[in-house]
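Please read the points with the structure open beside you.

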Protein chains: 2
Amino acid sequence: MAKRNEATRGRLSREAIIVSAVALADAEGLDAVTIRRLAQEHGVTPMAMYWHFNDKDSLLDGLAEHLIEAVQLPEPGDAPWDQELREILDAFLAAIRPHPALAGLAMRRILAAESGLLIAERVLGLLRRGGFAPAQAAEVGTFLICSIITLAVADAVPGPPPTGEEREQALRDKRARLESLPPGRYPNVIAAAPALVVCRDEDDYFSLNLDLLVGGLHGLRRG
Amino acid sequence: MAKRNEATRGRLSREAIIVSAVALADAEGLDAVTIRRLAQEHGVTPMAMYWHFNDKDSLLDGLAEHLIEAVQLPEPGDAPWDQELREILDAFLAAIRPHPALAGLAMRRILAAESGLLIAERVLGLLRRGGFAPAQAAEVGTFLICSIITLAVADAVPGPPPTGEEREQALRDKRARLESLPPGRYPNVIAAAPALVVCRDEDDYFSLNLDLLVGGLHGLRRG
DNA sequence: CCCATAACTGTACGACGTACATGGGGGTGA
DNA sequence: TCACCCCCATGTACGTCGTACAGTTATGGG
């Protein structure tokens, strides 16, 4: 086993482990994030991880917290509530988009992290300003956050992200399969096939669906 | 190893395996669904599974397909597009709600299943009737389905569903933690704490957020 | 009766998370 | 200077997982 390499010389640390775990997840997917693998990357025995984390789950907790802490909340201003909410959701999405493999971790862990509580507080506050009662704000807010995580997770393939070449090929295959469906039964699937296998522009896709969510809030208040 | 028990006497079959896998997932979570465990339940060697499924992933494909096939699509009528769409989304949610541990599987596999294509076709058709272009319909439709799956997944705890007693305790603890936060910093979180740890009424929660989604569609068309 | 095929068994391998006991080395107080 | 302690890491082992590969039985058509 190679002794501590350059990048990680000196003692191990919680933070260093988390950083390399994030990189690993980005590069090869969440399944590649393994106690043994991380230990190896740090030139250390697997059991050394257990000094810094109780178990694998608390490592994942750490990853989720790391992710959530990256959210750059905009300063509270005097913009309309829905506009400020939109900015927060944008910021949240922007923070997790670079790490689709990890986004799913955040789902159940937002309220466990300090920074997650802050996000929740802001979102709930704005919803209440928008006229929602506390309980409704909680339910809608939960759904908003979960939906945005879903948006980010949705374009993560499990396992290692394929190389450009084979990714192209897989997408072509998938599209071809959809387009060779019986045209009588699936006209709309066929027409939408190009957009179903991959969206033209991710930014547009995200912004479209954020519009949908925030716009939907107004409908709820009227109802 | 107990020889074939009563319930599963005779030959193994793809369908029988899937059915028991669904039951197992419902009872103890997706992690309990194991080649070895399923084999054991059928009084059979683990490797026997590989006659009926190429590998574990295709078993999961089977589970997802099983789930999607349970969706009871309403007959196409002459109701307004948004109303019919809502009915379809309701039907979809109703089908996956009983199996929260499996719902996540459906996310990436809808377009792989025959019945999933049918759902997609209906949804896309209605969205186009609602004035969306094919590409937009694809993006919005994808998001709708994913969001609904998220709704169902959200109230699944990973691992075995805890007994009523310890579940109650866990919820009490979580709520207490939120309510003992500094009231100056987190007034809204505290006010919403009861609804954050568990919603008053799941039906209301689901219907509220489906309203949000379908209502949001109208906003998109105007914009 | 023969034998191809379908269905299943047996054994083995390399991963995984982690319990438990052990060891060392650097900073601190004597 | 030395002894001590405790942080940090090691070493070994166990039980689990998915599954590759080869061998065995049951079934039914020629």
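1. Start at B:H52. One of its polar side-chain atoms lies 2.8 Å from a phosphate oxygen of DNA strand C. Such a polar contact is a pair of N or O atoms within 3.5 Å; within protein, one must be able to donate a hydrogen and the other to accept it, and residues adjacent in sequence count only if both atoms are side-chain atoms.

2. This is a predicted model: local features need pLDDT of at least 70, side-chain atom pairs need 80 or more, totals for chains, interfaces and linings use all residues, and side-chain values use heavy atoms, without hydrogens and water. Residues are numbered from 1 along each chain as its sequence is written, with chains lettered from A and ligands numbered from 1 in the order written.

3. Chain A also meets phosphate oxygens of DNA strand C. A side-chain N or O atom of A:Y50 is 2.7 Å from one. For A:K56, a backbone N or O atom lies 2.8 Å from one.

4. How many residues surround DNA strand C? There are 17, and the closest are A:R36, A:Y50, B:T45, B:W51 and B:H52. Near means that a heavy atom of the residue lies within 4 Å.

5. Helices are DSSP runs of H or I, at least four residues, numbered from the N terminus.

6. Chain A has eleven helices and zero strands (E runs of at least two residues).
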